[in-house]
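Hello,

Here is the structure I promised to hand over. Please open it next to this email; my notes follow below.

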Amino acid sequence: MSWSVVNDGDGLPRIILTEPAGASAVIHLYGGQVLSWKNEKREELLFVSTKASTKSPKPIRGGIPICFPQFDNLGYPERHGFARNRLWELDTCPSPLPRSNNHSSVDLILKSTDEDLKTWPHSFELRLRVILHPSKLTLIPRVRNTGSKDFSFTFAIQNYLSMSDVSEIRVEGLEMLDYFDNLENGERFTEQGDALTFDGEVDRVYIRTPAKIAIIDHEKKRTLVLTKECLPDAGVWNPWNKKAKALPDFGDEDYTAMLCIDSAAAEIPVVLKPLEEWTGRQELSIVSSSYCSGQLDPRIVLQG
């Protein structure tokens, strides 16, 4: 139950969390971004593009980026905000969160800079705790207003998940919910299917979603459960073949092996008064299953 700091090939610091059963996670200080999460079987559960770059000022395409002070195009001029392309630091004063007893964890912090204040004139501290379990990864973000006036923000934890074949994936928990469709100029629709499946590009923000969402991978015979608190919305993204070829940091065929599911506070911005703090929470957990042969009912997973 330990962590260490090393430098990657670009000289950027990264943190490696390990757990006795064999699970591991790699977190880059650039972006405060988890780039690898392996379970106790040493299976990689996150997707990183084959053309991803870790060179500033570009964000890293894959892993788990943090979107702040904006998710999507909601408010701040830069889409998805600036937190994902800033260099974070180790947080030496992470209180008041309790210690992560018997689990490997690390605390990171990002503070407002003079450059950031030119485009988003609000002083803040953004903290992130990453906790590694044998078959679960927990992220706890906190935003504190350190200025003298109120500010509002939208926020997301983007999860680029490794999939066997996106066309065989089912997402349970979003049925009959409203969503904003970025492929239709942000128009609002209602999900009609009994599960979300994929046969083309998707770029949506579902609103007022449940606390649990299940992502079922038939080929790998496992279900990934996304559990979240104070993050009421959920983004879903896959570029499909045409958009993938147009993205400079995305491999032409990468879309087949990934799905991005976000935990977000998007529809209603969070408002903080001076010295107030907001805390969110997300857990990604793996449930071994043979759902494709009827041995797992995802509704039972979603209900606990």
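Which residue in β17 is the bridge partner of Val-205? Gly-235 is. Please keep in mind that this is a predicted model.

The sheet around that pair

That bridge belongs with the strands β14 (residues 202–206) and β17 (residues 233–238). They pair in the antiparallel sense, over five bridges. Both sit in an open sheet of seven strands, in the order β5-β10-β18-β17-β14-β12-β13. The pairing there is antiparallel. The edges are β5 (66–67) and β13 (187–190). Each has a single partner strand, so one side of each is left without a neighbour in the sheet.

The largest pocket

The largest pocket holds about 540 Å³ of space. It is lined by 27 residues, and the closest to its centre are Arg-61, Arg-79, His-80, Arg-84 and Tyr-160. β14 and β17 come up again here: with β10 (151–162), they are the elements that give two or more residues to the lining. By class, the lining of this pocket has eleven nonpolar, five polar and eleven charged residues.

The cavity

A search of the whole structure finds one cavity of 30 Å³ or more. The largest cavity has about 40 Å³ of space. Its lining consists of Leu-45, Ser-162, Met-163, Ile-215, Asp-217, Arg-222, Thr-223 and Leu-224. Two elements give two or more residues to it: β15 (212–217) and β16 (222–229). The largest share, three residues, comes from β16. By class, the lining of the largest cavity divides into four nonpolar, two polar and two charged residues.

Best wishes

Methods: Residues are numbered from 1 along each chain as its sequence is written. This is a predicted model: local features need pLDDT of at least 70, side-chain atom pairs count only at pLDDT 80 or more; totals for chains, interfaces and linings use all residues. Side-chain values use heavy atoms; hydrogens and water are left out. Two strands pair if DSSP finds at least two bridges between them. Helices (H or I, at least four residues) and strands (E, at least two) are DSSP runs, numbered from the N terminus. On a 1 Å grid over the protein atoms alone, a cavity is a set of points where a 1.4 Å probe fits but cannot get out, and a pocket is an open set with protein on both sides within 12 Å along at least five of seven lines; lining residues have an atom within 4 Å of a point. Grid points are joined across faces, edges and corners, and a volume is the space filled by probe spheres set on the points. Ala, Val, Leu, Ile, Met, Phe, Trp, Tyr, Cys and Pro count as nonpolar, Asp, Glu, Lys and Arg as charged, and the others, Gly among them, as polar.
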